[in-house]
Amino acid sequence: MNGYIDIAISYSIKIIGAIAIFIIGKWIAKLLTNLFRKGLEKSNTDATLIKFLGDLIYFGLLVLVIIAALGTLGVNTTSFAAIIGAAGLAVGLALQANFSNFGAGVVILFLRPFKVGDFVEAGGATGVVEAIGIFNTTIKTGDNRIIIVPNSNIIGGNIVNYSAKPIRRIDLVIGVGYEDDLKLVKSTLEEILNNHPKILKDPAPAVALAELADSSVNFNVRPWVKSEDYWGVRSELLETIKAEFDAKGINIPYPQMDIHLNQKAA
């Protein structure tokens, strides 16, 4: 009877110790996770990334606490840890592509090459960023299609962010005929740019002769506008230039070829 009592007391102490380790360890895991989350919040890290990393750290610490509690009960935790490691390796190999997307998502959320609402060209898609997730990014195209792009595709290629700067330059190449008055053409283009209300004065717009091409004399027309006004102003400029050129008799030539026939007497 005394032997049974000793065994019962011994196991009771182990059980109480395991429960105490689990409760205290769980509390410490929550504390460390909350401190980690607050640190990320102070650095303005994305909320999605904070939640994901916080949960990942918490469950990782919780697994260590459970292993420690089982060790107190006398369970061989070496084999238990080996099983967890093998399972983790198998899951890692099965989800290799997802981990690649996850790593790319972390890079995007930390480096912030773009944000929700930006107009970008990334991962083979062009449009407005609607959502940035851990594994993929959602982009809405101009014709209202939704494209879900894996984050690894975005990080693996070039990223063009058209909304990163508050102003953009419109680059137009306007061709006129060789017979037209170049001074009249240049003054007309400058007048159009100066009269448009949405074209910025600083930086100043520029009009310059670009090249003497095969079928036309080309001018570079380069005004600066606010990023949100880019497409609207570009369209209005092309329409105004065509109307003004027609009114002043300035030709906008199209590619053509002169063919000369040499006839020989029979």
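Author: One term before we start: buried means under 20% relative accessible area, exposed means over 50%, and partly exposed lies in between. By that scale E191, at 42% relative accessibility, counts as partly exposed. Keep in mind that this is a predicted model.

Reader: Fine. What does E191 form a salt bridge with?

Author: Its partner is K248, and the closest N and O atoms are 3.7 Å apart. The pair links distant parts of the chain, since E191 sits in helix 6 and K248 in helix 7, 57 residues apart. K248 is partly exposed too, with a relative accessible area of 34%.

Reader: How many salt bridges does a search of the whole structure find?

Author: It finds 7. Some share partners, and in that way R169, D171 and R222 are joined into one network. Within it, D171 and R169 have their closest N and O atoms 2.7 Å apart. D171 is partly exposed at 41% relative accessibility, and R169 is partly exposed at 34%.

Reader: Back up a bit. What does the secondary structure come to?

Author: The protein chain has 7 helices and 10 strands. Of its 266 residues, 28% are buried. Among contacts with a separation of 6 or more, 63% are between residues 24 or more positions apart.

Reader: Which residues have the most contacts inside the largest nonpolar core?

Author: I170, V176, V185, L189, F219, L237 and F245, in a core of 20 residues. Strand 7 (172-176), helix 6 (182-195), strand 9 and helix 7 (230-248) each give two or more residues to this core. Helix 7 gives the most, with 5 residues. There is also a second, separate core of 17 residues, which includes I50, V120, A125 and I132.

Reader: What does F245 touch?

Author: Leaving out residues up to four places away in sequence, F245 touches I174, V176, V185, T188, L189, I250 and I252.

Reader: Strand 9 came up. Where does N218 sit, and is it buried or exposed?

Author: N218 is in strand 9, which covers residues 217-222. It is buried, because its relative accessible area is 9%, and the cut-off for buried is under 20%. Its side chain makes a polar contact of 2.7 Å with the side chain of S216. Beyond its neighbours within four places in sequence, N218 is in contact with residues including V173, I174, G175 and E211.

Reader: Now the outside. Which residues form the nonpolar patch on the surface?

Author: Among them are I15, F22, W27, L35, I66 and L73, and the whole patch has about 1100 Å² of accessible area. Helix 1 (residues 2-42) supplies the largest share, 10 residues.

Reader: Where is L73 found?

Author: In the loop between helix 2 (47-72) and helix 3 (77-94). L73 is partly exposed, with a relative accessible area of 32%.

Reader: Last one. How many residues apart in sequence are L64 and G25?

Author: They are 39 residues apart in sequence, and 8.7 Å apart in space, C-alpha to C-alpha. L64 is in helix 2, and it is exposed, with a relative accessible area of 55%.

Notes. Residues numbered from 1 in each chain as written. Predicted model: local features only at pLDDT ≥ 70, side-chain atom pairs only at ≥ 80, totals over all residues. Heavy atoms only, no water. Patch = residues over 30% accessible without salt bridge, like charges linked within 9 Å, V, L, I, M, F, W, Y side chains within 5 Å. Areas by Shrake-Rupley, 256 points an atom, 1.4 Å probe, with all protein chains shown as cover. Salt bridge = Lys/Arg side-chain N within 4 Å of Asp/Glu carboxyl O. Helix = DSSP H or I, 4+ residues; strand = E, 2+ residues; numbered from the N terminus. Buried < 20%, exposed > 50% of the residue type's maximum accessible area, 1.4 Å probe, protein only. Polar contact = N/O pair within 3.5 Å; in protein donor to acceptor, adjacent residues only side chain to side chain. Contact = heavy atoms within 4.5 Å. Core = buried A, V, L, I, M, F, W, Y, C linked by side-chain atoms within 4.5 Å.
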